[in-house]
Amino acid sequence: MNLREKLSSDPEISHGKVCIRGTRICVSVVLDNLAEGLTAEEVVAEYPTLTVQDVHAAIAYAAELAHERMVPIPRTA
């Protein structure tokens with residue numbers, strides 16, 4: 001998937017946060033909904049301007065970020 005076709009960042013829109021192209025819906029909003037347990041289809045139902053492919057693009061973007069940055073997770077005993 002070419003993320004540049006589905007995502008955009010413009011300093012004039014949502015303070016430059018990465019959004020689904022053609023919307024003001026931030027990738028982080030999509031990911032927050034998925035983290036809460038919604039399915040891609042449920043996210044699309046909540047945000048009808050999105051497609052399931054847009055949700056998948058948000059996931060792919062997050063995966064790319066995870067390759068570049070590690071957030072420390074405390075060890076458990």
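Reader: Where is histidine 15?

Author: Histidine 15 sits in the loop between strand 1 and strand 2. Bear in mind that this is a predicted model.

Reader: Is histidine 15 buried or exposed?

Author: Histidine 15 is exposed, with a relative accessible area of 79%. Its phi is positive, about 60°, although histidine 15 is not a glycine.

Reader: And what is the phi of serine 14?

Author: Serine 14 also has a positive phi, about 50°, and is not a glycine. Serine 14 lies in the loop between strand 1 and strand 2. With a relative accessibility of 19%, serine 14 counts as buried, because the cut-off for buried is under 20%.

Reader: OK, stepping back. How many helices and strands are in the protein chain?

Author: The chain has four helices and two strands. Starting at the N terminus, the order is α-β-β-α-α-α.

Reader: What does the C-alpha trace span?

Author: Along its principal axes, the C-alpha trace spans about 45 × 30 × 25 Å. The chain has 77 residues, and buried ones make up 25% of them.

Reader: What share of the contacts joins residues at least 24 apart?

Author: That share is 36%, taken among contacts between residues at least 6 apart in sequence.

Reader: Now helix 4. Which residues does helix 4 cover, and what should its span be?

Author: Helix 4 takes in residues 52-68, which is 17 residues. At 1.5 Å a residue it should span 24 Å, and its end C-alpha atoms are 25 Å apart, which agrees.

Reader: Which residues are buried in helix 4?

Author: Asp54, Val55, Ala57 and Ala58 are buried there. Looking down the axis of helix 4, the buried residues fall within an arc of 155°, so they line one face of the helix.

Reader: And which exposed residues are on the face turned away from the buried side of helix 4?

Author: That face carries Ala66 and His67, both exposed.

Reader: What covers the buried residues of helix 4?

Author: The cover includes helix 1 (3-6), strand 1 (7-8), strand 2 (19-20), helix 2 (27-35) and helix 3 (40-46).

Reader: Take helix 2, then. At what angle do helix 2 and helix 4 pack?

Author: They pack at an angle of about 95°, with their axes 9 Å apart. Helix 2 and helix 4 are therefore roughly perpendicular to each other, because angles of 65 to 115 degrees count that way.

Reader: Which residues meet between helix 2 and helix 4?

Author: From helix 2 there are Val27, Val30, Leu31 and Leu34. They meet Val55, Ala58, Ile59, Tyr61 and Ala62 in helix 4.

Reader: Different topic. How many salt bridges does the count come to?

Author: The count comes to one salt bridge. In it the side chains of lysine 6 and aspartate 54 meet, at 3.5 Å from N to O.

Reader: How exposed is lysine 6?

Author: Lysine 6 is partly exposed, with a relative accessible area of 26%.

Reader: What does aspartate 54 touch?

Author: Aspartate 54 touches Lys6, Ile20 and Thr49, leaving out residues up to four places away in sequence.

Reader: Now the start of the chain. Where is methionine 1 found?

Author: Methionine 1 is in the segment before helix 1. Methionine 1 is exposed, with a relative accessible area of 63%.

Reader: And what does methionine 1 touch?

Author: Not counting residues up to four places away in sequence, methionine 1 touches Gln53, His56 and Ala57. Methionine 1 and alanine 60 are 59 residues apart in sequence, and their C-alpha atoms are 8.2 Å apart in space.

Reader: Last one. Where is serine 8?

Author: Serine 8 is in strand 1 and is partly exposed, with a relative accessible area of 22%. Leaving aside neighbours within four places in sequence, serine 8 is in contact with Lys17, Val18, Cys19 and Arg21. Serine 8 and threonine 23 are 15 residues apart in sequence, and 9.1 Å separates their C-alpha atoms.

Key:
Residues are numbered from 1 along each chain as its sequence is written. This is a predicted model: local features need pLDDT of at least 70, side-chain atom pairs count only at pLDDT 80 or more; totals for chains, interfaces and linings use all residues. Side-chain values use heavy atoms; hydrogens and water are left out. The expected span of a helix is 1.5 Å times one less than its number of residues. Buried means under 20% relative accessible area, exposed over 50%, partly exposed in between (1.4 Å probe, protein chains only). The arc is that of the directions from the helix axis to the C-beta atoms. Contact means heavy atoms within 4.5 Å. A salt bridge is a side-chain nitrogen of Lys or Arg within 4 Å of a carboxyl oxygen of Asp or Glu. Axes are lines fitted to C-alpha atoms, for helices over the stretch in contact, and angles run from 0 to 180 degrees between N-to-C directions. Angles under 35 degrees count as roughly parallel, over 145 as roughly antiparallel, 65 to 115 as roughly perpendicular and the rest as oblique.
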